Amino acid sequence: MTDYETIIGLEVHVELKTKSKIFCPSTTEFGGDPNTHVCPVCLGLPGVLPVLNKKVLEYAIRAALALNCEIAEYSKFDRKNYYYPDLPKNYQISQYDLPLARNGYLNIEVNGQTKRIGITRIHMEEDAGKLIHQGTIATSPYSLVDYNRTGVPLIEIVSEPDMRSPEEARAYLEKLKAIIQYTGVSDCKMEEGSLRCDANVSVRPRGSREFGTKTEIKNMNSFKALQRALAYEVERQIAVLQEGGRIVQETRTWDENKGITLPMRSKEEAHDYRYFPEPDLVPLVIDRQWVEEIRATLPELPDERRNRYIKHYDLPAYDATVLTATKEMADYFEECVALYPNAKAVSNWMMGDLSRLLNAHNMDITRCKVSPRQLTDMLKLMDRGTISGKIAKTVFEEMFATGKDPEQIVQEKGLVQITDEGAIAAVVEEVLAGNAKVVEDYLKGKDRAFGFLVGQVMKATRGKANPELVNRLLKEKLHSS
Amino acid sequence: MELYYLTAHELHDLLVKKEISAEEICRAVFDRIDAVEDKIKAYVTLTRDRAFARAREIDRKIAAGEEVPPLAGIPVAIKDNMCTRGVRTTCSSKILYNFVPPYNATVVEKLEAAGTVMVGKTNMDEFAMGSSTENSGFFVTANPWDLERVPGGSSGGSAAAVAAGEAITALGSDTGGSIRQPAAFCGVVGLKPTYGAVSRYGLVAFASSLDQIGPFTRDVTDCALMLNAICGHDPLDSTSAPRDIPDFTSCLRDDVKGLKIGVPREYMGEGIDPAVKEIIGQAIELLASLGAEIEETTLPHSRYALPTYYLIAPAEASSNLARYDGVRYGYRAEDARDVVDMFMKTRSQGFGPEVKRRIMLGTYALSAGYYDAYYLKALKVRTLIKQDFDRAFEKFDVLLAPTAPSPAFKRGEKTGDPLQMYMSDICTLAVNLAGIPGISIPAGFVDGLPVGLQLIGRPFGEGTLLRVAYTFEQHTDYHRRRPSL
């Protein structure tokens, strides 16, 4: 059976979070009653003209620099012509042959190795509105249209076909999201549509130098959907080829419920967008000095931050990668270590219990009720011996659920650790007396029996006994008897 | 002379001397409209009540001793492709028959600031596509000099209104000659400014890289006053030029001594009516006798102006007019099965035949596989045409040519043959492609029909055009003649 190689390239749309739209003063705020964030310009009324929002250009340059692109000295806008009711002018102002930026890259980690994924180009364009249907588009007796999103600035980031698996594609998109978020030009919220991704996928026999016929996959609304859709599509293409069939060049849509991709339109049905230079806007001549000024204000980006964490906090590479995956996570980490210098302990809690609870509640860290101060206060309680590591897990769950301070939880629930030797020794005596058979086993050399005895002491103290004291006292008593 | 036939500067003198009021001027113009509009049909919409309210407002200012600007109280007609807040703006198209803009075009704001009184919105070829105003989706406008003839186009309503005394001045738009050619046909002054001199914000686009708004007036002095009012950078129009504007009245000097005027031979050759040539010849002699140095010159790529124009303008139009789909405003076809059907029915029923022809031409020129051969080639030829002018202006201050190859033609004479109709803009198209200014002034009559003289200037050389035009006017009386209606 032929071994196939997967080729993936991504086209990513990112909404820039400027205050006003790309070509008019209307607000870009998400939500709002339908058709309230509009003006004659973004509604495309007769006679209106676009004027480029300079902030959009600045943000786009900022993102492009963070992705290691070359910024064009001369760029222009073009019209992309197609009819759709959510597009008020029935053309989209975009960039065609002279995009803002080219030749960038970002690095992803693949099996512990760094892999560079090329970025072909980045261009600016305006977003379209939204159609709203009763039920589905097929069954709804009407379409309603909301133009609030019309004219929100977008950048489209087109990658090289450098990814070789759905996992790499996901890693690329996650890294892209992290970098853009770090630059502060977008929220990159997939669920709100401020980060959208289409994929070009093909397969070829391993060793072949020519690309196979590609399909374009749309409608993938999460990282998970991206990975699933690509995995499905790769399998589908290989199956077609193995049955002696041919891949049809077409656009396919991901059906999240069925877990399959479905044909949307063929190459023959593809739009002829009739691009031509936008005569209502003047070409952009981009000042080099301005570009350098923007470059100078770029923040520390994920890779730099990761390396700093390894060097400065002595964290393992894995920890550093996970902690810097989002700006919010890394910021949280740094707030913690400013209050509590044991970076590895902070990292363990963030990557362990905190991440587990966030995932379980499908939350990101910005909505977490536990503040960095509270997390570090809890770590300090552990260091002081007020609570044990085991109790801390219980305390943390309560903190996560309620946002209360750890001291308060410990007080309210009576979770203060028992460090009184006499009190623990008494419990130890009781446990030993009540488990003569186990003691015997232990003395015959069964090490596991010791663990059982520790568990019994902890149980009797409802987990509050200091584990080190329990260990020491148990051993002393066993060996003296 | 009747008030409605005076110029704006004459009326201003009477106003400030308090011999007449703005309300009286307004009444004179509306009485004239009541008397002749049935024959001329210059207006799509009249704004009578607003006009009188506005005129009385100006009168109150004058009575209060305020100094009013030179165009205060002057009745102005606006071509119906410029947006007027609260007043419907149709482009003489069924597809916009009910469109009431929520905003003013920048020129409309500027004219309001200048104190003018809007009389109404004038008829035009649908979406400014045409040369006779016969392509209006509503009705045909007559030439005040001969009601059987067309007023020219596409700004025929504005030209006819000024010529017939139904407005004192007017605004038109010129994409390939749409101000200058009707000005010539109707015996008035019409100026197309340099591309970027006047804001296009609120001008319903036909061909964005060619469209420019300009004035119709009865003489060159009024033309300078109107330019003063409408020129200037507009932050709402990225293509408007960020430059200081001079006081154009300072260019009104009776002096052409030493000015170098070139006469491109391509504009005086085949296809130009001999009677028109004779009138242009007389104008050349007059200007030469006044000290201008006049020489023949050449614009070798002129012959390509028409095909170049008819690729670029329709290409842009095909995209500009895509928004008229019945979704948001304007006409919407009934009984559509689905959204695509609604688009198609709305556009099939809403647009007239010439607009459809140009949308098809433009869509074709931009299509995959044809773009390089048509649209891109046209852009390159456009550059060559512009370079012809650049070269000519190294030597000459002004170029001189007929505005149109013939005087006004008869209604229906060219409607059956689009190419014949397109040829009537043969003398004006290249000026739009080059983005430079051009003016048409009354230069004589053939069988009682006015003939226009076109002067073409360097980019932002409107001042020189006004100077030559003003000098010509001081030594002729064609601009003082009025049609008898």
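Reader: Quick check before we start: a residue is buried if 20 or more other C-beta atoms, placed from the backbone, lie within 10 Å of its own, exposed if 12 or fewer, and partly exposed in between. So is Cys91(B) buried or exposed?

Author: Cys91(B) is buried, because it has 32 C-beta neighbours inside 10 Å. Please keep in mind that this is a predicted model, where local features need pLDDT of at least 70 and side-chain atom pairs count only at pLDDT 80 or more, while totals for chains, interfaces and linings use all residues. Residues are numbered from 1 along each chain as its sequence is written, and chains are lettered from A and ligands numbered from 1 in the order in which they are written.

Reader: Thanks! Where does Cys91(B) lie?

Author: In chain B, Cys91(B) is in the loop between strand 2 (75–79) and helix 4 (106–113). Helices (H or I, at least four residues) and strands (E, at least two) are DSSP runs, numbered from the N terminus. The backbone is worth a look too: phi of Cys91(B) is near 55 degrees, a positive value in a residue that is not glycine. Most residues other than glycine have a negative phi, and most peptide bonds are trans.

Reader: Over to chain A. What is the phi of Asn90(A)?

Author: Asn90(A) has a positive phi of about 60 degrees, though it is not a glycine. You'll find Asn90(A) in the loop between strand 4 and strand 5 of chain A. Asn90(A) counts as buried because 21 C-beta neighbours are inside 10 Å.

Reader: How many bridges link strand 4 and strand 5?

Author: There are 4 bridges between strand 4 and strand 5 of chain A, and Asp78(A) stands opposite Ser94(A) in strand 5. Strand 4 (residues 78–81) also pairs with strand 15 over 2 bridges, where Arg79(A) faces Phe276(A) across the pair. On strand 5, Tyr91(A) and Ile93(A) make up the covered face, while Gln92(A) and Ser94(A) make up the uncovered one.

Reader: What about the 9-strand sheet in chain A, which strands are at its edges?

Author: That open sheet runs 2-6-7-10-1-11-12-13-14 with mixed pairing. Its edge strands are strand 2 (70–71) and strand 14 (260–266), each pairing on one side only. Inside the order, strand 12 (residues 215–220) and strand 13 (residues 250–255) are parallel, over 4 bridges, with Thr215(A) opposite Glu250(A).

Reader: Changing topic: how is chain A divided?

Author: Into domain 1 (4–293), domain 2 (298–413) and domain 3 (421–480); the bounds come from an automatic or database domain assignment. The centres of domain 1 and domain 2, taken over C-alpha atoms, are 34 Å apart. Between these two domains, 12 residues of domain 1 are in contact with 9 residues of domain 2, meaning C-beta atoms, placed from the backbone, within 7 Å.

Reader: Which element of domain 1 gives the most to that side?

Author: Helix 2 of chain A, with 7 residues.

Reader: I spotted helix 8 of chain A. Where is its kink centred?

Author: On Leu354(A), with a kink of about 35 degrees; the bend at a residue is the angle between axes fitted to the seven residues ending there and the seven starting there. Leu354(A) is one of the buried residues of helix 8, as are Trp349(A) and Met350(A). Helix 6 (317–323), helix 7 (327–339) and helix 9 (372–383) of chain A are included in what covers those buried residues.

Reader: Last one: how many residues of chain A touch chain B?

Author: 25 residues of chain A are in contact with 36 residues of chain B. As an example, the contacts of Pro46(A), leaving aside its neighbours within four places in sequence, are Cys83(B), Thr89(B), Leu96(B), Phe99(B) and Val204(B). Pro46(A) itself is buried, with 26 other C-beta atoms within 10 Å.

Key. Two strands pair if DSSP finds at least two bridges between them.
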